[in-house]
Amino acid sequence: MSLRKRMLENLDQDIRDHIEMETQDNIERGMSPEEAHYAALRKFGNLTRVQEETRAVWSFIWIEELVADIRFGLRLLCKSPGFTTVAVLTLALGIGANTAVYSVVESVLLRPLPFQDSARLFAIWAAQSGRTYRIGASMPEFQDYKDQSHSFEYMANVLSGWTYTWTGQGEPRNVNCTGISYDFFPMLGVKPYLGRLYEPDEYHVDGVQVVISYRFWKEQLGSDPQVIGRVLKLDGTAQTVIGVMPSLPDLFPETDVWAKDVPDFRWMQVRGNKFLDLVGRLKPGVTREQAEQELSAILHRGPGESSDVSVHLVPLKDELTGDVRSQLLIVMAAVALVLLIACANVAYLLLARNTKRQSEIAVRVSLGAGKGRLLREFITENLILAILAGLAGLLLAIAAVRPLVRVSSLPRNASIGVDSGTLFFALFITVLTSLLVAWAPSTAFSRLNLISTLKTGRGEAGSIGRSHSGLLLISQVSLAVVLSVAAGLLLRSFRQAEHLDPGFRPDHLLTAYLRNDDQSAGRLFFPELVERASELPGVGAAALGKCMPGVFAPSATLVFSDRPNDPLNVPIGQACWISSEFFRAMGTPLVGGRFFTVHDDANTPAVVIVNQALAEAYWRGQNPIGKQIAVDYIGAGRNINDAPRFREVVGIVANVKQKGLDLPVEPAVYTPYLQDETDHAFAGLNLFVRTIGPPTSLAGTVRALVRSIRPDQTIDSMQTMNDALFRALARRRLSLVLVGSFAGLALLLSAIGIFGMVAYAVSQRTHEFGLRMALGAQPQDVLQLVVGDGFKIVATGVFVGIGLSSALAWFMRSLLYAVSPNDPLTFVVVAALLALVAFVACYIPAHRATRVDPMVALRE
Amino acid sequence: MSTKEQREHIDLLQGTLDLLILRTLQLGPVHGHAIAKAIEFNSDEVLQVEQGSLYPALHRLIKRGWILAEEGTSENNRRAKFYALTAKGRRQLVIETSKWDKLAGAIARILRPAEQEGES
C-alpha cells in the first residue's frame with residue numbers, strides 16, 4: 001500500500017479523534033457537551049477544506065479535480081442547452097471567421113516565398129523623388145547594374161504580361177509569356193521539372209527553343225511525357241520544347257511560356273525604354289539601403305539620367321502581394337472586432353447565468369469549496385465552451401475558406417487553406433476567447449457576498465457585475481459602431497466608384513482584345529476591321545484603342561513646346577492609341593476642337609487630343625487647341641532612339657477614368673493609332689463595338705467578321721464593358737462584402753446583447769415594476785424607465801464608438817475613394833442605425849415589463 | 001465568518017507552522033491534538049492555530065520524509081496516530097531553526113536600527 005493511500009485512509013478518523021479530544025478538553029473546562037462540540041468544530045476550522053487541502057498535499061489531486069471539473073462543466077452545459085447553443089454558435093462564428101481570414105493572411109502575407117534565401121530577394125525599381133510612379137529599367141541600365149554593382153549575388157530581369165500566338169493546334173490561341181534573363185531561375189534556386197533551361201548563348205537568339213510552365217504542360221499539352229523535343233508553332237516560328245518548369249503558384253501564376261528576354265533586339269537597346277522589372281538577391285550582410293545607394297549612383301552615371309531619380313528595393317514578397325496588404329489587414333481587423341463582440345456577448349450570458357447561480361455558489365463556499373477551486377471549475381467550464389466553439393469554428397473556417405478564395409482573385413492563393421499554422425492560430429484564439437469570456441464573470445465571483453446571498457436565497461438583484469454588464473454592453477456597441485462605420489465608408493467609396501460619371505457610357509459596349517504578331521499586316525487589317533464592324537447591323541459605332549477605359553491605360557512622358565521642360569520633373573500622363581471613332585463609341589463628350597478622323601494617318605500632320613485634366617494642369621486659362629506636345633510612350637516595343645515628334649492639340653475631351661473607376665482622373669493624351677511611327681500600336685488593340693441591342697447578342701457576328709477578314713486572328717476576352725468593369729472592381733467588392741457582412745454580424749450580436757441585458761434586468765425587477773404599477777405607475781412610465789436605462793448605455797456606446805471610428809478611419813483612407821474618412825453622412829447614418837437597433841432591442845423586453853400583472857408580481 | 005480571513009490566516013502560518021511542528025516533535029512522538037495544544041500552550045496562547053490547518057502540514061512533512069506516523073495510544077487510552085521526527089527531520093529542524101533565527105534577526109535589525117547602533 002502506498003504511503004499516500006495509507007495516510008489518506010484514516011484521515012477522517014484522525015480528524016474525528018482530534019475533534020473529540022478537543023471536545024473532551026472543553027467539557028473538562030466546564031462547557032456543556034453541546035457547547036463543547038461546537039467550540040471544538042469552530043476551533044478546527046472548515047472540515048471539508050482541511051480534507052481537500054490535505055489530499056492536495058499528495059499531489060495528483062489536480063487531475064482528479066480536473067476530471068471532476070470537466071464532468072461538472074459538461075453536465076452544466078447539457079443542463080441548459082439553449083444557453084450552450086447560443087454561446088457556442090456565437091463564439092464559433094467569431095473563431096471561424098478569424099481562422100478563415102487568418103489562413104488567407106498567412107498564405108498571402110506571412111508565408112515566406114518558397115525560394116532560396118527568399119528574405120534577400122528584392123524587386124528593384126526607380127522613382128522620381130516625391131512621386132509614386134514606378135520606373136522600370138532598360139536593358140542598358142540593367143547591364144550597367146550587373147557590371148558595376150557589388151551588392152548582389154544575382155540580378156535578373158523579367159518582362160511579364162505579353163503573349164505569343166500559338167497556332168497549328170486547333171483554334172489559334174494566345175499563350176501568356178513571361179520573359180526572363182539567364183540568372184532568373186538560378187537566383188530563385190528553382191530547377192526545371194523536366195528537361196533543361198536555356199544556355200547563356202541561347203539568350204541571344206529569339207525563338208528556336210522554349211521552356212514551358214507546369215500549368216501549360218498539364219492543361220494544354222495533357223502532361224505529355226514525351227514533351228521534350230516537341231515543336232510548338234509560336235508567333236509563326238517553330239520552337240522546340242527543351243524544359244518544363246515546376247509549378248510556381250507564387251510567381252506569375254498565369255505564365256504559359258517562360259520566354260527569353262533577348263538583349264540583342266533593337267528596342268531592348270534603347271536606354272530610355274524602361275519597361276523591365278528587375279529582381280535581385282542581395283549578398284549576405286549587404287543592407288537594402290547600401291544596395292539602393294549603389295544602384296542609384298550607377299543609374300546617375302548613365303547618360304541623360306536625372307539626379308532626381310533614385311533606385312528602390314522592395315522585398316519580392318511585398319512586391320508580389322502589392323495592394324492586397326492593406327485590404328487584408330482591414331478585413332483582419334474587422335473580423336477581430338467581431339470576435340471581441342462575440343466574447344462580450346457570451347461573457348454577458350455567463351454573467352447573467354452566474355448571477356442566477358449565486359445562491360448555489362454561496363452554499364458551496366460555506367460548505368468548504370475553496371475560491372480557487374470554484375474559479376478553476378468556472379474556467380474549465382468556459383474552456384469546454386471555447387473548445388466546442390473552436391472546433392465548430394474550425395469547421396466553419398474550412399468550409400468558408402475555399403469559396404472565399406475563389407471569389408477573391410488574390411495573389412498567391414493556390415496554397416490558401418487550413419494548415420498547421422491555421423490550426424495553431426485557431427487554438428490560440430480559442431484559449432484567448434475563453435480567457436476574455438471568463439474575465440468579467442470571474443471578477444464578479446470574488447466580490448460575492450456570502451451572508452446576504454445565503455439570507456435572501458438569491459443574489460441581490462443584479463448586484464453581481466451590474467457595472468460589468470454595462471461596460472460589456474458599451475464596448476460591444478462601440479465596436480459595432482466602429483465596424484459599421486468602416487463598412488459604411490467602404491460602401492460609400494464603392495457607390496462613388498460605380499456611380500460617379502466615369503467619362504464614358506459602359507452600357508451597350510462589346511469589347512475584345514485582338515493580338516497581332518505581324519505589324520505591317522496589322523496596318524491593313526485593323527482599319528478594315530473597324531470600318532466593316534461599324535457597318536454591321538445593330539452597331540452604332542466601332543473603334544479601336546490600346547487602352548481599356550476603367551481598367552487600363554499605358555503611360556507616356558510628355559514634352560511641351562511652350563513651357564520649360566524640367567528634366568528633374570518630367571511630366572507623365574496616361575496615354576492611348578485610338579482609332580477615329582473611339583470617343584463616339586465610348587460616349588465621351590467633346591469639350592473643344594475636333595475628334596480624330598480616318599484621315600489622321602501616317603501621311604498627315606501629327607495630332608493629339610487631350611483631356612480636360614491635362615488642359616487645366618498645364619494650360620489653365622489658355623486655349624489648348626494648337627499647342628504642341630510630344631508623347632513618348634513608356635513600354636516594351638519602342639524601337640527607335642530618336643526623340644518623339646511634336647503633335648498639335650486638335651481636341652479636348654471630357655475626363656475619362658482610365659485606369660480604374662476607383663482611381664482619380666489624371667491628365668491624359670490620345671493619339672491616332674495610324675500615326676505610331678514605331679508600329680507598336682499594332683501589336684494588339686482592343687475592339688469596342690457600341691451596340692443598339694444587348695451587346696452579347698452581337699458577339700457571334702463580331703467574331704465571324706474578325707475571322708472572315710483574317711482566319712488566324714486570335715480573339716481574347718470578348719466581354720461586355722460592364723463585365724470588364726465589374727471584374728476590375730472585384731477586389732474592392734470583396735473587401736466591401738467581407739467588412740460589410742462582419743459589420744452586419746456585429747450589429748446582430750450587439751442587438752442580441754442589448755436584448756439579453758434588458759430582458760434580464762426586467763426579469764430581475766418584476767417585483768419592483770409590480771409595486772410601481774400597484775402604486776399607480778402607468779405602463780408608459782415603466783416602459784420609459786426600462787427603455788431609458790438601456791438607451792443610456794447604448795448612447796454611451798455609440799458615442800465612444802463614433803470617437804474611436806473617427807480615429808481609426810484615418811487608417812483606411814488608402815481604401816477610400818471620393819469619400820472623406822470623416823464622411824458625416826456615414827457617421828450620422830451609422831449612429832442612427834445603431835440607435836434604431838438598440839431601441840428595438842430595448843423595446844421588446846420593456847413592453848413585456850408593462851404587461852406585468854401587479855398582483856402576480858407582488859405575490860412572488 | 002468570512003472564508004477570506006481564514007485563508008489569510010493559514011497563508012501567514014505556512015512554513016512557520018512546519019517549523020513549529022518539527023520543534024514540538026523534538027521532545028518525542030506526539031499525536032495531532034497534542035501538537036496543537038503544545039503550540040498554543042508554549043506560545044502563551046499567542047499563536048492561535050486553526051487546528052484543522054495542522055493536518056495538511058503534517059501530511060506535507062510526512063511526504064517530505066521529515067516525520068513519520070505510527071499508531072499508538074493516547075494518555076486517556078485511546079487509539080491515536082502519533083507523529084515522530086525522522087533523522088532527516090532532525091537535520092531539517094536545525095536548518096530551519098537557523099534560517100528562522102537569521103530571518104528574525106534581519107527583520108529585527110530593519111525594524112529597530114536605532115537600538116542596534118546604541119548597543120554597538
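Author: Two strands are said to pair if DSSP finds at least two bridges between them, where strands (E, at least two residues) and helices (H or I, at least four) are DSSP runs numbered from the N terminus. This is a predicted model, in which local features need pLDDT of at least 70 and side-chain atom pairs count only at pLDDT 80 or more, while totals for chains, interfaces and linings use all residues. Residues are numbered from 1 along each chain as its sequence is written, and chains are lettered from A and ligands numbered from 1 in the order in which they are written.

Reader: What makes S2 and S3 of chain B a pair?

Author: Seven bridges join S2(B) to strand S3 (residues 79-85) of chain B, the two running antiparallel, and the criterion asks for at least two. Within this pairing, B:Thr73 stands opposite B:Arg79 in S3(B).

Reader: Why are S1 and S2 of chain B said to stand at the edges?

Author: The open sheet of three strands in chain B has the order S1-S3-S2, with antiparallel pairing. Strand S1 (30-31) and strand S2 (67-73) each have a single partner strand, so one side of each is left without a neighbour in the sheet.

Reader: Which helix lies across this sheet, and at what angle to S3(B)?

Author: Helix H2 (residues 16-25) of chain B lies across S1, S2 and S3, running at about 100° to S3(B); such angles run from 0 to 180 degrees between N-to-C directions, with axes fitted to C-alpha atoms, for helices over the stretch in contact.

Reader: How do you know which residues of chains A and B touch, and how many are there?

Author: Two residues are in contact if their C-beta atoms, placed from the backbone, lie within 7 Å, and by this test 20 residues of chain A are in contact with 19 residues of chain B. On the chain A side, helix H2 (11-28), helix H3 (33-44) and helix H4 (47-57) each supply at least two residues, and the largest share, six residues, comes from H2(A).

Reader: What share of chain B counts as buried?

Author: Of its 120 residues, 29% count as buried, a label that requires 20 or more other C-beta atoms within 10 Å of the residue's own.

Reader: Where in chain A is the pLDDT below 50?

Author: The pLDDT, the predictor's confidence in each residue from 0 to 100, averages 86 in chain A, with 94% of the residues scoring at least 70. Over residues 458-465 of chain A, however, the pLDDT is below 50, although this stretch has 19 contacts in the model beyond near neighbours in sequence. Where pLDDT is low, the predicted coordinates should not be read in detail.

Terms used
Buried ≥ 20, exposed ≤ 12 C-beta atoms within 10 Å, placed from the backbone.
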